[in-house]
Amino acid sequence: MLETDFCGLKMKNPTVLASGVMGCNAALLKRVAREGAGAVTMKSIGPKEKEGHKNPTVLEWEHGLINAVGLPTAGYKNAEKEFKELEKCKSPVIASIYGSSIEEFTEVAEGIIGFEPAMIEINISCPNTKREGQIFGTSPEVAAEVVKAVAEVCGKIPIMPKLTPQANNIAAVAAACEQAGANAICAINTLGPGMVIDADARKPVLANKFGGVSGPAIKPIALRCVYQIYEAVSVPILGLGGISNGRDAIEMAMAGATAIGVGSATFYRGIEAFKLISDEMKTWMKEQGVKSIKEIVGAAHD
Ligand SMILES: Cc1cc2nc3c(=O)[nH]c(=O)nc-3n(C[C@H](O)[C@H](O)[C@H](O)COP(=O)(O)O)c2cc1C
């Protein structure tokens, strides 16, 4: 009923652990897979060892989370042990990479392809230091340049840029990425930057002051982005942003997502989130007489 083929990744259900949320090491990622995730995404790996922002870095507010973790990474040169441990993972493992220049993206991709992840997610929601900090994914041309460069080094491993909702025209960014060689599109990363202020303390709560907003608050934006991307590309979409229950996941599939990412919901529902969401999807499908999840992908389109 929920079996999904996403770009050749065989998944028992369409749920995917989102990058950076919960699974920040191999042991946790393996546990999330055992607990029911159809696939798991590693925390984004960068070019060299980097500390993240100071605590507090993640905060729950009324309608979701806000985070300024700051992409801490051990760097691709120190990633071998984690990849080796993940060989026994029960679900396909998606590696996630980032860089601050096109050269850094290709350097990291080259550094990890030998570990043969099932797929490489390219986090283009980070700033390009060569263009005054402009987010790579806000420009179709720059996003396509990154994808083209990474595609050249990745060979047969499918690649999937992860888009930012900050783009003026996310459909145009997705189409440019497809043209440049993307095998799938992932949308969306966190929205923002946003800010939460503690009235009693009279100051921002995050040490970094500003952070990316995720969880239920961004679901309508994520659905709109996936809906527009579906109309612009023919490659499959991993849709995420505010998916907390089976009904949300069904809505995301109807917008056009073949695979469905779950991030912040693991804060509210725990590691069981993937199993709970899958069960809730099945219940809805049985009630509606839907036999396979494939039947409803894109169903909300005219
Ligand atoms: C604490 C935290 C850390 C994150 N780290 C990453 C990361 O390393 N790489 C990345 O591409 N996205 C990262 N994200 C974004 C999520 O993968 C996801 O795109 C976003 O949270 C929206 O999904 P959600 O509403 O289900 O959480 C992070 C999000 C959170 C909340």
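## Ligand site

A polar side-chain atom of Asn 123 sits 3.2 Å from an oxygen atom of the ligand. The backbone contributes too: a polar backbone atom of Gly 215 is 2.8 Å from a ligand oxygen, and a polar backbone atom of Gly 263 is 3.0 Å from a ligand oxygen. The protein covers 96% of the 610 Å² of accessible area that the ligand has on its own. Accessible areas are Shrake-Rupley values with a 1.4 Å probe; for residues, only the protein chains shown count as cover.

There are 23 residues around the ligand, and Lys 43, Ser 44, Lys 162, Gly 242 and Ser 264 come nearest. The shell divides into eight nonpolar, 13 polar and two charged residues. Here Ala, Val, Leu, Ile, Met, Phe, Trp, Tyr, Cys and Pro count as nonpolar, Asp, Glu, Lys and Arg as charged, and the others, Gly among them, as polar.

## Basis of the model

This is a predicted model: local features need pLDDT of at least 70, side-chain atom pairs count only at pLDDT 80 or more, and totals for chains, interfaces and linings use all residues. Residues are numbered from 1 along each chain as its sequence is written, and side-chain values use heavy atoms, with hydrogens and water left out.

## Aromatic pairs

The structure holds two aromatic pairs. Rings of Phe, Tyr and Trp (its six-membered ring) pair if their centres lie within 6.5 Å; planes under 30 degrees apart are stacked, over 60 edge-to-face, the rest tilted. Phe 83 and Phe 115 are stacked, at 4.7 Å centre to centre and 15 degrees between the planes. Phe 83 lies in helix α2 (residues 80-85) and Phe 115 in the loop between α3 (102-113) and β8 (119-123), 32 residues apart. Phe 83 counts as buried, at 6% relative accessibility. Phe 115 is partly exposed, at 22%. Buried means under 20% relative accessible area, exposed over 50%, partly exposed in between (1.4 Å probe, protein chains only).

The ring centres of Phe 105 and Phe 136 are 5.1 Å apart and their planes stand at 90 degrees, so this pair is edge-to-face. Phe 105 lies in helix α3 and Phe 136 in the loop between β10 (134-135) and α4, so the pair ties together parts 31 residues apart in sequence. Both residues, Phe 105 and Phe 136, are buried.

## Helix α5

Helix α5 spans residues 170-179; Ile 170, Ala 171, Val 173, Ala 174, Ala 176 and Cys 177 are buried. Their cover includes α4 (140-154), β11 (159-163), β12 (185-187) and α6 (219-232). Contact means heavy atoms within 4.5 Å. Just after α5, Gly 181 takes a positive phi of about 120 degrees. Helices (H or I, at least four residues) and strands (E, at least two) are DSSP runs, numbered from the N terminus.

Methods:
Near = heavy atom within 4 Å. Polar contact = N/O pair within 3.5 Å; in protein donor to acceptor, adjacent residues only side chain to side chain.
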